[in-house]
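Visitor: I have a structure to get through today. Can we look at it together, one piece at a time?
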Amino acid sequence: MNQIASSKLAHTLQKRMKNVNHNDSVVYTDIGTIVADNGLKLDTFEPVIPSDGYSRCRAASELEKGDRVLLVWANGEPVIIDKIV
């Protein structure tokens, strides 16, 4: 996914989140980096999340250390949507 496509995806997700009933659940986007032992280091969250502390979509199944990722937080769970290239 190129930068323009990533930006469009993020914009679409943001627009859809505005239409969500915020009493149901909170969902927002974030960006992070895969680190050692497949941990996830978010740009907006200091501690590294271990590999068993997040989920990922099938499209993001093969991630390597150093990969930048787009994710959403859904009910407090980080879910990686795709790799940013």
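Guide: Start with two strands: β5 and β6 pair in the antiparallel sense, over seven bridges. Keep in mind that this is a predicted model.

Visitor: OK. How many residues sit between β5 and β6 in the hairpin?

Guide: Two residues lie between them. In that turn, N75 has a positive phi of about 55 degrees.

Visitor: And which residue is the bridge partner of W73 in β6?

Guide: That is P78.

Visitor: What is I80 in contact with, leaving aside its neighbours within four places in sequence?

Guide: The list includes I34, L40, Y54, R56, C57 and V69. I80 also belongs to the largest nonpolar core.

Visitor: How many residues does that core have?

Guide: It has 11, among them I34, L42, I49, L63, W73 and I80. Both β2 (40-42) and β5 (68-74) supply at least two residues of this core.

Visitor: Which strand gives the most to it?

Guide: β5 does, with three residues.

Visitor: Different topic. What is the mean pLDDT of the protein?

Guide: The mean is 83, and 75% of the residues reach 70 or more.

Visitor: Which elements have the lowest and the highest mean pLDDT?

Guide: Helix α1, residues 3-18, has the lowest, at 69. The highest belongs to β2, at 95.

Note on methods:
Residues numbered from 1 in each chain as written. Predicted model: local features only at pLDDT ≥ 70, side-chain atom pairs only at ≥ 80, totals over all residues. Heavy atoms only, no water. Core = buried A, V, L, I, M, F, W, Y, C linked by side-chain atoms within 4.5 Å. Buried < 20%, exposed > 50% of the residue type's maximum accessible area, 1.4 Å probe, protein only. Helix = DSSP H or I, 4+ residues; strand = E, 2+ residues; numbered from the N terminus. Contact = heavy atoms within 4.5 Å. Pairing = 2+ DSSP bridges. pLDDT = per-residue confidence, 0-100.
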